[in-house]
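Here's a fold to chat through, one question at a time. Have a look at it first, then we'll get going.

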Amino acid sequence: MTRISAPRRTASLSAQLVDSLRSHIESGGWPVGTRIPPEQALVEELGVGRSTLREAIGALVHLGLLEPRAGDGTYVRSSSELQSVLVRRAGSAQRDNVLELRTVLEEYASGAAALRRDEDQLRQLRELLADADAACAGDDPAAAVTVDALFHRAVVRASGNDLLVEVYDHLGTALTSSLGGLAWDAAQVEEHAGLHRRLVDAIEARDEGGARTAAAAIVQLTRDHGTDATDATDTTDTTDATDTPGVTEDR
């Protein structure tokens, strides 16, 4: 019968280096998107051999924290293993599935925020509402999407659930990107803003049910709008170029 190998009493040097580099990345020592120092510089700074360093770097690449780019070095891809896994999975999921996940997270978080928020958090939500109104009034879609993402993260943080905050922060880009790239007319913008005001009003009133309802309605509006936009795109794609608005042809 084959015996199970007993674990080593002391972690290998490469394992210790993995933990050290991972902590450095998680703390922001190497921000996401930046290129890490070249191999020789790290060997000299850390006092380890090239093979040990390469083994540790390879492990971090496997974990999704680092990304090698041919001829351009190695870049920080993610600040945590959880973020890497969740973002990669969400990025490959269907849009409706992402929106359903967003509904689950935001509906619960909004209800919890209504019960647990403090005055500073409520004040921040009101300020973000004003920022969103300003972005829409200034006809700045990119700023509006950015403020919307900050708003929903603030709601989740007000829930007081640290694990939920961490998961949502890691998935934030994938969950809020559904708002980007879509043209919203004035009526849709006003409806979207009105639902956000309803959400904050419910959180202020500590109305758990009202907050959950408003949060679900926000995501549903996004889903409906995305479906309408997709249908319109499909129709346009099957239309002859001469029938495209703004394009004319001499007869």
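Q: In which sense do strand 1 and strand 2 pair, and over how many bridges?
A: This is a predicted model, in which local features need pLDDT of at least 70, side-chain atom pairs count only at pLDDT 80 or more, and totals for chains, interfaces and linings use all residues. Residues are numbered from 1 along each chain as its sequence is written, and side-chain values use heavy atoms, leaving out hydrogens and water. Two strands pair if DSSP finds at least two bridges between them, and helices (H or I, at least four residues) and strands (E, at least two) are DSSP runs numbered from the N terminus. Strand 1 (residues 66–69) and strand 2 (residues 73–76) pair in the antiparallel sense, over four bridges.

Q: Which residue in strand 2 is the bridge partner of Glu-67?
A: Start with Arg-69, which stands opposite Gly-73 in strand 2. For Glu-67, the bridge partner in strand 2 is Tyr-75.

Q: What is the phi of Gly-71 in the turn of the hairpin?
A: Strand 1 and strand 2 form a hairpin, with three residues between them. Gly-71 sits in that turn, and its phi is positive, at about 75 degrees.

Q: What pattern does the protein chain follow along the sequence?
A: The protein chain has 10 helices and two strands. Read along the sequence, they give α-α-α-β-β-α-α-α-α-α-α-α.

Q: Why is helix 5 oblique to helix 7?
A: Axes are lines fitted to C-alpha atoms, for helices over the stretch in contact, and angles run from 0 to 180 degrees between N-to-C directions. Angles under 35 degrees count as roughly parallel, over 145 as roughly antiparallel, 65 to 115 as roughly perpendicular and the rest as oblique. Helix 5 (residues 95–116) and helix 7 (residues 141–157) have axes 8 Å apart. Helix 5 is oblique to helix 7 because they pack at an angle of about 55 degrees.

Q: Which residues of helix 7 make the contact with helix 5?
A: Contact means heavy atoms within 4.5 Å. Helix 5 brings Arg-102, Glu-106, Ala-109, Ser-110 and Ala-113. From helix 7 come Asp-148, His-152, Val-155 and Val-156.

Q: At what angle do the axes of helix 6 and helix 9 cross?
A: The two axes come within 10 Å. Helix 6 is roughly antiparallel to helix 9. By class, their contact has eight nonpolar, one polar and five charged residues. The crossing angle is roughly 170 degrees.

Q: Is Leu-128 buried or exposed?
A: Leu-128 lies in helix 6 (residues 119–137). Not counting residues up to four places away in sequence, Leu-128 touches Val-147, Leu-150, Phe-151 and Ala-154. Buried means under 20% relative accessible area, exposed over 50%, partly exposed in between (1.4 Å probe, protein chains only). At 8% relative accessibility, Leu-128 counts as buried.

Q: What is the phi of Arg-206?
A: Arg-206 lies in the loop between helix 9 and helix 10, and at 40% relative accessibility Arg-206 counts as partly exposed. Most residues other than glycine have a negative phi. Arg-206 has a positive one, near 55 degrees.

Q: How far apart in space are Arg-95 and Arg-223, C-alpha to C-alpha?
A: Arg-95 lies in helix 5 and counts as partly exposed, at 32% relative accessibility. Arg-95 and Arg-223 are 128 residues apart in sequence. In space, C-alpha to C-alpha, the distance is 8.6 Å.

Q: Over which residues does pLDDT stay under 50?
A: pLDDT is the predictor's confidence in each residue, from 0 to 100, and the protein chain averages 82. Where pLDDT is low, the predicted coordinates should not be read in detail. The stretch with pLDDT under 50 has four contacts beyond four places in sequence, and covers residues 233–251.

Terms used
Nonpolar A, V, L, I, M, F, W, Y, C, P; charged D, E, K, R; others polar.
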